[in-house]
Amino acid sequence: MDPVVSINTLAYEGYGLTTALREIAKIGVGHVELGYTRGWTAGLTEEHFSQASAVDINRLLSDLGLSSIALSAHIDLTTKDAVDELKRRIDFAKRLGVKIVNTKVGAQSGRGQFEKNIEPLAEYAESMNMIIGLENPSEGTDQIITSGQTGAEVVRKIDSDYVKLNYDFGNAFTYSKGAVDPAIDYKKALPFACYLHLKDINKINGGWDFAQIGQGIVNYDIILQELAAEKKMLPMSIEHLFIYSATQDLVVQRNAQAPELSQISKSLKASYNYVQKFIAG
């Protein structure tokens with residue numbers, strides 16, 4: 001079976017969640033990853049993580065012919081509230097038929113609390129037959145996970161079939177300020193990964209702009225060829241951050257206005273077709 005390729009709803013930030021799902025259905029993609037990051041996203045909010053909201057979203061997904069195997073529900077796993085918060089997201093994901101819940105981890109200063117939190121979370125994920133995907137971050141300093149290599153070390157130590165990595169190629173580049181080549185780094189993450197985020201970025205005057213997959217500095221030609229040749233394609237999402245850009249020193253920032261819907265959907269369709277070319281080939 002071919003790997004599932006989804007569109008992350010973060011592409012439509014600046015528009016409502018219903019609009020995002022309708023647009024994704026229009027471009028002929030059958031799978032979606034709902035995207036949430038605390039303090040950043042408006043399309044999917046904290047209020048959505050409820051039983052009633054899951055019923056409404058399930059109905060909409062069914063009406064649009066969409067399904068979902070992964071949810072991005074990023075929080076900081078180094079806080080004392082993180083266990084209850086992630087359990088609520090796992091419950092929400094389960095109601096949507098999702099198998100993987102992706103989240104960030106946090107800073108080294110909270111490592112002790114993270115290690116306390118991850119054991120009951122792994123047990124809860126197992127009881128729900130769900131997988132937690134720990135994602136390498138896009139920015140910050142002194143994070144517990146910084147790259148594919150450090151992510152692999154964290155997951156190896158946790159030693160649970162229900163806690164894996166969600167490897168984000170673009171994040172590896174931006175977090176490292178360009179020092180990490182994702183085309184090399186991902187190979188260290190792959191044995192411990194359950195999911196992939198495809199994100200690309202290009203240098204522009206005065207900063208950086210997120211790009212159509214295959215049109216930026218991440219060498220997806222090589223990455224996707226290798227994954228296809230070695231039959232190691234994992235489920236993945238295209239995560240094009242249209243409403244975001246980055247400063248010259250690769251600090252991600254939210255822009256004032258999103259592009260037109262037609263521009264977003266046209267670029268996403270091209271990214272999707274680009275990825276599918278490697279899968280079919």
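A: Strand 9 is mostly covered, for four of its five residues are buried; buried means under 20% relative accessible area, exposed over 50%, and partly exposed in between, with a 1.4 Å probe and protein chains only. Strands and helices here are DSSP runs numbered from the N terminus, with at least two residues (E) for a strand and at least four (H or I) for a helix. The model is a predicted one, in which local features need pLDDT of at least 70 and side-chain atom pairs count only at pLDDT 80 or more, while totals for chains, interfaces and linings use all residues. Residues are numbered from 1 along each chain as its sequence is written, and side-chain values use heavy atoms, with hydrogens and water left out.

Two strands count as paired if DSSP finds at least two bridges between them. Axes are lines fitted to C-alpha atoms, for helices over the stretch in contact, and angles run from 0 to 180 degrees between N-to-C directions.

The partners of strand 9 can be taken in turn. Strand 8 and strand 9 run antiparallel and are joined by five bridges; in one of these, Asp200 has Ala211 of strand 9 as its bridge partner. The two strands form a hairpin with two residues between them, and Gly206 in the turn has a positive phi of about 85°. With strand 11 (residues 244–247), strand 9 (residues 207–211) pairs in the antiparallel sense over three bridges. Gly207 stands opposite Thr247 in strand 11, and Trp208 has Ala246 of strand 11 as its bridge partner.

Helix 7 (residues 182–189) and helix 8 (residues 220–229) have axes that come within 9 Å and cross at roughly 30°. The crossing of helix 7 past helix 8 is right-handed; this is the name if the near helix is turned clockwise from the far one by less than a right angle, and left-handed if anticlockwise. Pro182, Ala183, Tyr186 and Lys187 of helix 7 meet Ile223, Glu226 and Leu227 of helix 8, where contact means heavy atoms within 4.5 Å. By class, this contact has five nonpolar, no polar and two charged residues. Ala, Val, Leu, Ile, Met, Phe, Trp, Tyr, Cys and Pro count as nonpolar, Asp, Glu, Lys and Arg as charged, and the others, Gly among them, as polar.

The loop between helix 6 (169–175) and helix 7 contains Lys177. Its phi is near 60°, a positive value in a residue other than glycine. Most residues other than glycine have a negative phi. Lys177 is partly exposed, with a relative accessible area of 45%.

Ser147 counts as buried at 10% relative accessibility. Neighbours within four places in sequence aside, Ser147 is in contact with Asn136 and Asp185. Ser147 and Ser176 are 29 residues apart in sequence and 8.1 Å apart in space, C-alpha to C-alpha.
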